[in-house]
Structure formats: structure tokens, C-alpha cells
Amino acid sequence: MEVWVVFQQKWIFLNKVIYEMKISFPSPELSKRFQVVDSQYRELMQICMEDPLVLSLMVPSSSRNSKFQDQQLQKLLEAGSIELEHVITALETVLYGVRSRFPRLFFLSDRELVALMSAPREAAEAQLWAHRCFPHVQGVIFGPCSLFSPSALEVKEEAQSILGTYGEVLSLRSPLPLKHDVPKWLTCLEQWIRSALVHGLPECVAARLALHDSLDHDFEQPPDPGQPPLHLHGHQWLELAQAFPVQCVLVAEEVAWRTQVEEVLLNQRTHLLGLMQLRRLEALTQFAREQRSTHIGCPPPSPRLSLLLSLLLTGAVAHRDTALLLQQQQVSEFKDFHWDRQLKYYLGPENNSQSPDFSNNSPQVCSSHKSKPICWVEVLGHSFLYSYEYVGPGQRRVANLLLERPALGLLLALKEVACGTLLGPIGVGKSALVTRLASALGRQLVTLHCVMHIEARCLGSYLTGALQSGAWLLLKAAGSLPVGLLSALGQRLGDLHRLYVPLLQGAPDITKLDPMLPQVLGNSFFENHRVHARLGYGCFLTLTHMSPTLPTNLRFLLRPVAMALPDLQQLTEITLVGAGLRDAVRLASRLATFFSLEQDLELGLQPCRLPILIQVLETTLQFLETPKDQHGPPLPRTLGAAEEAALLHALLHSPLFSGPERPRLQTLRQLLSAVFSGAGNVLATPWTMTPPKLAEELRQIGLYVGPDVLASLEQLSQALRQAPGVLLMGPPGSGKSTCWQSLAKVQNQLISRKKAHRTIRPVYITSLYPSSLSPEEFLGWFEEHRWNHGVFSQKLWTGISQRERDSQGVHHWLVCDGVPSAAWLDPIASLLSSNAKLNLPNGQQIPRPPDTWLLLEVVNTAGMSPFVVGSCALVWCGGHQTWQAMLATLMTELPREYYVLPQTIVELQLLADTLVPTVLRFLNRHGANSVLHVHGQPAPSPGVAEVNSMNHLLRGLLNPYLHYTEEEQYHIIENTSHSSSVVQGSEGTQGSISAEGLQQDVEGDRKRRNHLLAISSFLLAFIWGFGSHLPTRCLQGTSRVHTLGSIFWSLGSARVSKVISEYERKRERQRVCVTIPV
């Protein structure tokens, strides 16, 4: 079916090119090749119309041509798809023309563009492509069409508004009917969204400036005793947010801030500015606390308004710092450097904004301008156009600070048409800074995560799209590109520099532009095509350092900007204050102190803790907003103690405290107790997000339930709720695969029995071994200009298709097992970021479906980037009890597969419980490790290799004599639960086997012989299974070693005698009489 869908998309696209766009093929050969495929497909369609049954395609029938059935039909469609791909590749000019009319299509691959051109004119398809072309648009709200003209009879739906994150709704000024094909409709949607923002922003600014007295002048002096508190003014910000988008409210606040500062400077009252901003910040903080106090223990009634408060507080902190700086430097002029370097927002013509009239104490926005006033930002004498891109409220609730110095460096690089390059270690927030700056200027930001095998043609397409759409292009991790590709990138950036600089110098004044019109600077040629350069183009790179291998042509175009380590305390304080926590300042100070001391525990350069801090803060807010009727951490009733307990629980469930019990982990707990006063109570009563009745479900599926296994399952269940990626780490044989397999099996069984919680979904698992695949096999490759998906990208794309068909479907776990390597880890690292997309070498971006998790099975984190480690939740599988689980599974399966009596199973269980742990402790004490362990490699889990060998040996010995036939094994399944209960309750068994009792039965001799055979086979398998792994150094000091049994005796005859005596005592307590052959 998938082959058919891909073929049909290409066929529809080419038919539109020929019959709708009236474009002919460049050569008769291409026309002939298309006609052959076209005639075959039309014949197939005619046959399907006559016989539309699906089974007719699968079941051979004489009434239908054999080439249109079963495997031959699939081969015909695959061959036809390849032919159509060649024809489409030859029509590169056609694809370029389609992209030029809507430049956002340059950021789609050729395959995606063909699928878009062939998409039906339906609301569901329009929703999908709207989100793909406008990343901040989460959905489009359609309604019945209100047009009644004869030309609109076929139009059934029209777009009325768009949906952003956190439930924000942006109403369009007029409905947009779905009367064109999807690409044309997307072009109109871009204009409709821009119109809504262009008209909405001046109205929001006017509404904000109308509140100048209550939101600005009232903070100049403390309130009189009879006046209401200042924090009650916070409701006015919320009223603005209910009427306008969040980005309009934030821009209006910046315009009001610039207006207020200029008024203060004009009136020479700079000394009052600092106190005014401190009172404003205190009022917002108090208002946020009161908002949270009304819904303690439950989610906020409006997450969007809660996020707005956090964003307003972030801006208020920046305004406070600026006010204190201006007051300290005694700034009194508009052109002073300390004020000139700040981002200042203007709205309207230059003559009305540069010299505001404050005579009436109510700054006005120019209303005499016929067209809508344009918005721009000034800094250091340079003007930057506000581009009216819909950016939404944001992606996360953790504060994203706009650092002044790096932001100024990037803006100055834009003015030079150079490539601003952010330098710094992984995890310091380089990409987040560019995202924050693009949001502040209303710019479209396109992010391309650079992978090693990306093509130069893909980079050229993205650069062309950024140039023609006036967007910013961010090339993340550009240092991973090979030198040749970096040189090609430098060549293209140099061509753009020479092309764009003359056009930018001849651009009209920003303040005189019409915001409703596309700001086209002029035409030129780039990549052998005619391009329309728009105002606003920019390109940025992120690098860890300036490598000496960077090509010279690229190095000359870079403007490096170093990123310092972020201020974790300030970020934490703003986030917690914005969430309304009463003890935010103290918690932020102690959390920053903990991270600082934690990094001092080890020598050397430690990775930045910003990703872990963001995860801890988001989990803290989630715990505080968990309803009481749901499974959440136990929090004290006191508000301050509850906030600290939620933060401690989030910290304890972070990757810092996941891992083996080592001295460092114990030191971290002691450090936590020393920094936080309430850590002792939280550590004394640990809390886990364990699925209900997990241990019982594990026993029902026949798995051993031990503390080690249960702890790993609890960690995995919790990790899947916290992060899109999970690191399953532990030594070889520690049960990492068993961990996720067991949890998935439990969830699926609960779903099948209809006993699962409403949040639990069925689990579909895909297990991959990337180390055994080449990068091309893993991601994809080009074959004669035709792109072929790799294993990983195909699985991810299948998950998206499944999500589109069933929005409430299964959870998909992508498990990658193997040695960590940058060759396969770096390309998929982008799936762990906030903008989770897989960037393929052909330029296609596959978003991670919401119900998809990435599970990485690794032994250690060697070869993994700090970003991957910090973005994933860690699950540690120690493996100390893995051998017990393997042994318990063996004892459970024996009565299902072999003819052994329940009493024999009891005897085998008793032998296993006595011999195996004792010998393992003895071997461990004498350092007798497995001979299979390679020096320098991680040591496997203790006992796993030995018990596994014993398992195979025992089965090999029992198979010729005691194995059930298939029919017997089918009938014995009914008695499995009885046998398992005997094994689990072996201590209370009162069975007795004696020679006299067995001989009295007709089959007594056979039962006794089978019993002795099973016991002897177990002992032989035990000796060989454990002894064959011993190195030769364990044989030193023995005079003659004829059997492996003598090896055990030579290791310590006294200890073996003690083991045998202990076994005899247990055997006597069980009153089991067995003759063991020597």
C-alpha cells in the first residue's frame, strides 16, 4: 500500500504539471517514458473501478491480468515510481518555480514538495502542511464556508483562526476559504496571518499605552494607605493577553518601556527609574504568587496566561537591570551609549516616534498614517525591521534570557551581511539565544541540524529559501560537516554577501515601508537561478570552537561571538518566581549552590548543567501542579515546604542521581542534605512513579521480581514521563533489554485486559542496532538523484503516518542498541531538542511524533555528546540480580518443556538456591573472573555468563530424553500455573520421593530414572557452566586436574564441604530423599 501511495503522489504531481500548469517536458524521451507509465496506471485504475474489491488485488484470478496482482503489481509500481522519479528530477525548473512563488517550500525536500502538490484539497491535509511550513502554528480551526457565490459551491470549509502553543488562538481578520490547491492556500494563509499581526499590534500598543497611568506612573511612588496594592494592576496585563496574542503584548510592553525611559530622560528624572522598576517587579511577583495560590495542587486554569506572567517577569528583570545601569551611569541623553546599546522598540513613522510628545502624559501611536504603522527595533544606531512572523507564546515555561553582549554581536554581524557564529561548549544555550532573538524581532527562523552526509545542494536550497523569504537560517553543529562541504558553504555565503550588500545599501528607509507588502530589495542570480532577495535575510552558525581546519573562505565571513556559561541562579529565580513560588529566591540560590558544588566534586572541565536544570525546573512545576487524585509525589501541607519537596523530588529523579551506587552518588546525597534543609525527609521517604501492581503483573508473565529488576522498571516508567529520550545504561548482561521488554509487555497486557490507567497506551517497539549499519543505511542515501530512506528515517516516517491515521494510537519506542558513536548519535540528537526534528542529508526534516520515545542501550557514555546525555533521562541497570532472574526463568520453563515431576523441580530449585550464590561469592572473593572478559572492556554482570552457559548445557542434556512432544507441550500449558506455584512456594512443600514409593507405582522406575537424570544433568551443567569460564590461573597449585569438579575442590575443599553440609540440612528440612549418583 505504501508503494502505491508514493507512486500515486508522483503521478498526480506530473499530471498537474502537464494539464494544469500547462508545462511540457524538456525532451521527447521524457514524454515517452511518462506516457508508458501513465498508460499502465490508467489501465490499472480502470480495472479497479470495474472490480473495486481489495482481495482481487491479492488473490490470483483469471479475469484479471496477472501483472496487476500481488507481487507483480508491487514490482510494477516500484518500477513505475523509479521512472517517475527520473522525470521529476528532470523537471527541476518546475520545482524551483513552485518554490519561488512560496519561498517556505525551499525548506522542503523534493519528495515532500511532490506530496504537497498532490495533496487533496481537504482540511486535514491543509492542517498538516500548515504546521510543516509554519512551525509555531499547531493547528488551523476550520468552519463551514460562508460564501454563497456560484464559484464557491465546491468550497465546503474555510480557515477562521490558527492555534499556537498553550492553546493560544489567533483569529484571522477574514475567513480563508479552502478553494485553491494546498500550496496556493498556504501562500494566502501566510498573508492572512501577517495581516492579523499587522493590524493587531498597533491596537495592542494603543491599549497598553492607554494604561500608562496605572501601569507606569503608579509605580513612581509607593501607594498611599487608602489606595489598592500595586500588584492588583496585574489583572490589566491579563486582560490585554485575553484580547491580543502574547507576542503583541510583549512588543507593546517593550514600546511602553522605551516610551517611559525617554520620558524620564526628557524630564531629567533618571534617579526614579530604578525604584519604579523594582516596584513593578515586586508587584508582578506578588501577582504571580496570588494567581498560583488560587489553584494549589492543580494545573493553572490558563497555561497561556501563566506563561505570559513568566515572560513579563523575564522582561521586568531585564528592565530593572537596565534602569539600575542608567541610574548608576547617570544617563541623561537619548544618545548615551548605555541607552543606545539597548533594544528599543518603535511603532509608526520616524517623526512621531523619535520625538514623543509627553505634554499630556499619554504617549500616542500615530493614527494619521494611512497605512498601518510599521514596527522596528533600534540598537547602536541601527534599525532592524520587525517581520511580523507568528512566533506564539513559546515552547517551554523555563525562562529564556536574551543575553545582551552575544545578541549585539549577532545583530552587528547581520548589518555586515556576515555570518554570526556562536562559540561555546555543548549545552550553554547557543541555539536558544538565536531563537530568543528571532522571537524578539518577529523573524522566521529555520534551523538545520548539520549532519556529516548532508549534500551541498541541500545547503544551497536552504540558503536560497532564507534569501527569498527574508528568514534567518541557523546551521547547528556546523563543525560536524566535512572540510569540503564547509568550503562549499563558504563559497555560497560569499556569493550571497556580494549579492546582498549592494541591495541592502539601496534599501528604502525602514520607517517608510508598508508592513503588508513583501519587502523585496531586488533581483539577482544565485545558484544559477533568478532570486528575489527580501529584507531580513541572515545566517548563523553554532560551533564549539574555531577549528584550525575551517576553510579560509568561510573563516573570513564568520563573526565569532563567545557564549559564557549561563547564570543558573538568575534563570531559576525568574522561572520559579514566574510560576508563583513564594520561596523562589531561596530555592534558586540553594539550587545554584548545589550545582556549583556538584561540579567541584570532580577535577577537569565538566559539561554545562543547563539541560539538566531545565529538566529539573519543568519537572518541579509538573509535580506542584499534579492534581491530588493523580499519582504524584507526597508533598507537605506547608506551602514553602511543599515547594522545596517538589524541587528535591525533581532533582532526585534527574540524571544526576541515576546510576550505580557509588561513592559519588552517596556524596551527592550528603551534599543535597547539607544545602537543602528538607532533603533529609525526602531522602528518608523515596517516591517512585511505579505503575500500579507492577510486581504482580511481572509475576503473571513469568518474570522474576527482585529489588534490582523492580527498581530499573520504576526508573524507566518515570523516565518515559520526563524526557523524549532515555539512556538505559549498565554493564553487558545487566538486563537492559529485559527492562523495556518487560514494561512494554505489562502495559500491553493491562490494555488487553482493560485494566490500564487512561494514560497508558499500547506499546509498539522497534529495535535497531545502528553500529552494524553504515550512515547511509541508517539515515538514507541518494541513488541517481533519487532519495532512499534509511532504516531509522523510515521507521520514524512510519510513526508519523500511524499518528495521522490514529491520533490516540500506540506509543512507539525506538530502541537503539550498540556502541555509542557520533556517526549515528549526532544526526538523531536533534530529536531530543525542543524543536524535535530529524534532519536528513536531502534536506527533509521529519518531526518526532508526540508518542515516540528514543531508548538508547549503552554500556557507558563514552563517545556521547553532553547534549545527548543531558537531554535524556537515565535508567541504571546494575545487573547484580540478573542471574537470579535468569535462574528463576529457567526453573519456570522446565516443567513446561520437559517431563519432570513437581518434586523434581523442588529439588532442582533447592540445589540452585544453595550452590549458585555460594559459588558466585566464592569466585568473586578469589577474583576468578570469566575467561571471556577482554581486558579493558566493561566487565559483564556477575553470574550472567555462567548461568547462561549452564542453561544451554542443561537443555542440551535434557532434550534427547525428557523433552515433550509438541502435542504434550500443548496440553501441559494448562498445568503451568500449578508448577509455578510449586516453585514459588517450595519452602512449604511436603513432597517425599523414596525408592520404595516409586517402585510401588507402575511407572515408578521411569519416574525415578527421570528424576535422577534431571538431578545429574543439572549438576553436570552446573559444573561445566561455571568451571568452563575460569581462567587458567585458577588451576595453579593443583597437582592433577582430571575433571572440572576437581577444579572446584581445588579452589577450596573446606568451602565446598560447607556448601554440601548446608544443602544436606535444607534437604532434610524439606524431607526430600534423593539418591545422587557420584
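Over the ring of which residue does the charged end of Lys-415 sit? In this predicted model, that ring belongs to Phe-384, with the charged end of Lys-415 lying 4.9 Å from its centre.

Across the whole structure, a search finds 17 aromatic pairs. One of these joins Phe-102 and Phe-134, a tilted pair with 6.3 Å from centre to centre and 45 degrees between the planes. Because Phe-102 lies in the loop between α5 (92–101) and α6 (110–117), and Phe-134 in the loop between α7 (123–133) and β1 (139–144), the pair ties together parts that are 32 residues apart in sequence. Phe-102 is buried, at 2% relative accessible area, and Phe-134 is buried too, at 5%.

Trp-472 and Phe-540 form an edge-to-face pair, with centres 5.0 Å apart and 70 degrees between the planes. Here the partners come from strands β9 (residues 472–476) and β12 (residues 538–543), respectively, so parts 68 residues apart in sequence are tied together. Trp-472 is buried at 0% relative accessibility, and Phe-540 is buried with a relative accessible area of 1%. Elsewhere, Phe-7, Trp-11 and Tyr-41 make up one aromatic cluster.

Leaving aside neighbours within four places in sequence, the contacts of Phe-594 include Leu-651, Phe-657, Leu-672 and Phe-676.

Terms used
Residues numbered from 1 in each chain as written. Predicted model: local features only at pLDDT ≥ 70, side-chain atom pairs only at ≥ 80, totals over all residues. Heavy atoms only, no water. Contact = heavy atoms within 4.5 Å. Phe/Tyr/Trp six-rings, centres within 6.5 Å; stacked < 30°, edge-to-face > 60°. Helix = DSSP H or I, 4+ residues; strand = E, 2+ residues; numbered from the N terminus. Buried < 20%, exposed > 50% of the residue type's maximum accessible area, 1.4 Å probe, protein only. Lys NZ or Arg CZ within 6 Å of the ring centre and 35° of its normal.
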